[in-house]
Amino acid sequence: GIPVDKQENLFEPFSRLGAENSQVEGTGIGLTITKQLIEAMGGAIGLQSTEGEGSRFWIDVPVSTNHVGFAVEDTLDPQDPEYSVDPDTNLSGRILYIEDNPANLQVVEGLVDRIPGLTMTSAANGEDGLLAAREFQPDVILLDINLPGMDGYAVLRALKENPQTAATPVIAMTAAATKDDLKRAEKGDFFAYITKPIQLTEVLATIEKAIREA
């Protein structure tokens, strides 16, 4: 537990409440950063502590109705002029999405379902993705970079080395968006490199372009 007279200093940067004189390692900034992040989201953090017994920390974060980042399904209004593909388009093709995050898969499945001519299958890792690419023969492959086991670049190399899949356009959809990531992507053989948080209208337009050019 934390003595009452020290609790008010707990969220101050580099304040370790005397632990700096012990063998316990640390810098005293973890709770400070946590507090700043939570407050930036309109939330709060606090604790209940009894000296000699222990502490319980709590956070309070408001529920958001404004979807941002990957899950922007509600922006896909067919009447929206920003909607880049007419839902009645005759676009058709098979899509393989190699992604280990079920939430991301669900969002893209919802997107594909809007176009009657598109079908999609998925794989949760690179090894299964390569097998699916050979068996499913997709027209477009959506590929996450940070996969368990084989990463996206290893999967891309394997796809390009296989005559069955060498010509299949591969669209990266990834959170790897640092300058080094983007430079590395330029040297790869991606049809497009889309960084998260994504706009689904951009994804759909890129899929359409890949299928039509292929």
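Because the model is predicted, local features need pLDDT of at least 70 and side-chain atom pairs count only at pLDDT 80 or more, while totals for chains, interfaces and linings use all residues. Residues are numbered from 1 along each chain as its sequence is written, and side-chain values use heavy atoms, with hydrogens and water left out.

The account begins with the strands. Helices (H or I, at least four residues) and strands (E, at least two) are DSSP runs, numbered from the N terminus. Two strands are said to pair if DSSP finds at least two bridges between them. Strand 3 (residues 93-98) runs parallel to strand 5, and four bridges join them; here Tyr97 has Leu142 of strand 5 as its bridge partner. Strand 5 is also parallel to strand 6, to which three bridges join it, and Leu142 stands opposite Ile171 in strand 6.

Strand 6 and strand 7 (residues 192-195) run parallel and are joined by four bridges. The chain goes from strand 6 to strand 7 by way of helix 6 (residues 179-187), and this β-α-β crossover is right-handed.

A residue is called buried at under 20% relative accessible area, exposed at over 50%, and partly exposed in between (1.4 Å probe, protein chains only). In a regular strand the side chains alternate between the two faces of the sheet. Strand 5 (residues 140-143) is covered on both faces: Val140 and Leu142 are buried on one side, and Ile141 and Leu143 on the other. In strand 6, Val170, Ala172 and Thr174 point one way and Ile171 and Met173 the other, all of them buried. Five of the five residues of strand 6 are buried, so this strand is largely enclosed by the rest of the structure.

Thr168 lies in the loop between helix 5 (152-161) and strand 6 (170-174). Its relative accessibility is 10%, so Thr168 counts as buried. Apart from neighbours within four places in sequence, Thr168 is in contact (heavy atoms within 4.5 Å) with Pro138, Asp139, Val140, Ile141 and Lys160.

Charged side chains come next. Side chains of opposite charge can pair when their charged atoms come close. A salt bridge requires a side-chain nitrogen of Lys or Arg within 4 Å of a carboxyl oxygen of Asp or Glu, and the count by this rule is two. Lys35 forms one with Glu39, their closest N and O atoms being 2.8 Å apart. Both residues lie in helix 2 (residues 30-40), four residues apart, about one turn of the helix. Lys35 is partly exposed at 26%, as is Glu39 at 42%. Glu208 and Arg212 form a salt bridge at 3.2 Å, N to O, and both lie in helix 7 (residues 200-213).

Finally, Ile59 belongs to strand 2 (residues 54-60) and is exposed, with a relative accessible area of 55%.

Key. Right-handed = clockwise from strand over helix to strand, strands pointing away.
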